[in-house]
Amino acid sequence: MQVNIVWLKRDIRWRDQEALHAAIETGKPLIIIYFFEPELIANHDAAPRHWRFVYQSIADLNRTIFNQTGFEKAVQMAYCDVLTGFEIISQRYAISQVYSYQESGNALSYRRDKIMKKWFSDKNIEWIEMQTNGVQRGRKNRQDWSLQFDERMAEPEVFPDLKKARFIALPNQLLETLQGNSLEKEIVSSHENFQPGGEKWAWRYLNSFLNNRVKNYSKGISKPEESRSSCSRLSPYLAWGNISMRSLFQEMKRNYATIPNKRALSNWRSRLYWHCHFIQKFEMESRYEFENINRAFDLLPHKKNDNHIQAWQSGQTGFPLVDACMRCVVATGYLNFRMRAMVVSFLTHNLLQPWQSGASFLAKQFLDYEPGIHFPQFQMQAGTTGTNTLRIYNVVKQAEEHDPEAVFIKKWVPELEKLPAHFAIKPWEMTPLEQVMYGFSYGKDYPLRIVDHEETARTAKVNWAKIMKTEIAKSEAKRILHTHVHLSDKRAHRSKSDIELKTKLRNDA
Ligand SMILES: Cc1cc2nc3c(=O)[nH]c(=O)nc-3n(C[C@H](O)[C@H](O)[C@H](O)COP(=O)(O)OP(=O)(O)OC[C@H]3O[C@@H](n4cnc5c(N)ncnc54)[C@H](O)[C@@H]3O)c2cc1C
């Protein structure tokens, strides 16, 4: 039997799913498949929380298909590598076309795609890949990138006509071969600490944000506690493709009149643009995953200290806001932007550790892990791009400004709960008498600071400035700007927020 296959990746949704739409329109019998790939599951950047989110997203898509067609479990789940999976399927079916989305993924998925491209070509199978959001394949620079981004966002969404689809139920025996070992319990059971996966939830989060939560967006964005409800929290849904960027832009436009805070909306809108702006960098230079993007920073003097890295990972550095953030992200998979930037700054500029020593750990924690944002952002915060000024967050000032009552700190570092806010932020300022008064023993109930953060920040600045003076740092910076930024981009001149965006883009590079 001749069939077409929709190979799902980070695009698990029905609405605006171009691969599904195109495959249905061919009228051929159709298999939809997702591969839980053992190599990807075991990779340096992956954790069960990610696959749980995927698993829930598939269940949601299956429900949508069932509700519209009565067809059960249309999305097949395979637990094997993609090549093996396609070989097994091709022994039973004649595959005409495979539809999927372009993926700006990690080194492993890139290598797998190259293997599959060759295999499809050898077997005369046409592989049709759709453009993912605003990320453009095959670019060498950013000439007119944002104009094309805008055009893409303005194209109409597609609504696959599921009733027309000729889904195939794979025979049990074939499914059993594809499924090998079953998925871990942690993946197939829900967990109340994490946002649930699925298109239904993506739209719920979007609607509640546009109808109400957006009004506090700008006010709460930097605050570790408030941001948890005032930011959209759409990142995992975008990262795993439960909603398309185009749907977001168009929903925003449709609801514009009733959205409560237009200024905050414009602020939010520029971040949607950044989403693709960052992934575009990674699409064009995937070295970001492992290597300093500005090669001059290979010369940075780093002395790896496993105890410091361990203290950072487990929230035991003796700096309450850092510890609260690290414990929180391990438990819930989320931190707002500023706190992410701050914990990276702390690792690289206060603990003086290479960014590579923390990038995989945080990738595993973020439910919204998106390689194309994660690695470029990580390097930007670590200062290894050499195109923007070095930003070292003072972790004590951040706490005083963004968690002045220590609400967030006390929630995640309960050892400090009974202290007044100023001591919960700076427990080292307590006198022995005050420690007795509050029944708290500094150094026993909560660790001493593992570094002098002001001194190490000074060292980091000196090290960084030395490297920035080298010819290689300058020529690399020029190359990076030339490849990843186009300052005369027309879009950057349109409005005040876009002029800010232009400056931001220059810094972000
Ligand atoms: C070291 C580091 C690692 C990061 N890793 C990731 C990651 O793996 N995946 C990820 O989605 N974001 C990442 N970010 C960016 C940002 O922190 C998150 O996108 C944001 O906090 C998600 O929360 P939200 O959906 O409520 O965002 P909102 O503020 O509501 O923004 C809406 C959407 O815009 C995009 N966005 C927002 N801020 C940024 C930004 N600074 N850069 C790029 N896109 C942005 C996201 O898709 C987000 O969902 C990282 C930031 C840093 C500093």
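How many nonpolar, polar and charged residues does the shell around the ligand have? Before the answer, a word on the model itself: it is predicted.

**The ligand shell**

The ligand is surrounded by 27 residues, and the closest are C231, S232, S235, F337 and H374. Two or more residues of this shell come from each of α12 (235–239), α14, α17 (337–350) and α19 (371–382). Helix α14 gives the largest share, 6 residues. The table answers the opening question by class.

| Class | Residues in the shell around the ligand |
|---|---|
| Nonpolar | 15 residues |
| Polar | 7 residues |

**The protein as a whole**

Now let us step back. The protein has 26 helices and 6 strands. Its radius of gyration is 24 Å, close to the 23 Å that the globule rule gives for 509 residues, so the protein is as compact as a globular protein of that length. The C-alpha trace spans about 80 × 50 × 50 Å along its principal axes. Of the 509 residues, 43% count as buried. Among contacts between residues at least 6 apart in sequence, 80% join residues at least 24 apart.

**A look at helix α25**

Helix α25 runs over residues 471–484, and at 1.5 Å a residue its 14 residues should span 20 Å; the end C-alpha atoms are 20 Å apart, which agrees. Its buried residues are A473, E476 and H484. They cover an arc of only 70° around the axis, which puts them on the same side of α25. These buried residues pack against α14 (262–284) and α24 (453–468). On the face turned away from the buried side, α25 carries the exposed residues E471 and K478.

Conventions:
Residues are numbered from 1 along each chain as its sequence is written. This is a predicted model: local features need pLDDT of at least 70, side-chain atom pairs count only at pLDDT 80 or more; totals for chains, interfaces and linings use all residues. Helices (H or I, at least four residues) and strands (E, at least two) are DSSP runs, numbered from the N terminus. The expected span of a helix is 1.5 Å times one less than its number of residues. A residue is buried if 20 or more other C-beta atoms lie within 10 Å of its own, exposed if 12 or fewer, and partly exposed in between; C-beta atoms are placed from the backbone. The arc is that of the directions from the helix axis to the C-beta atoms. Two residues are in contact if their C-beta atoms, placed from the backbone, lie within 7 Å. A residue is near a molecule or strand if its C-beta atom, placed from the backbone, lies within 6 Å of it. Ala, Val, Leu, Ile, Met, Phe, Trp, Tyr, Cys and Pro count as nonpolar, Asp, Glu, Lys and Arg as charged, and the others, Gly among them, as polar. The radius of gyration is taken over C-alpha atoms; the globule rule is 2.2 Å times the number of residues to the power 0.38.
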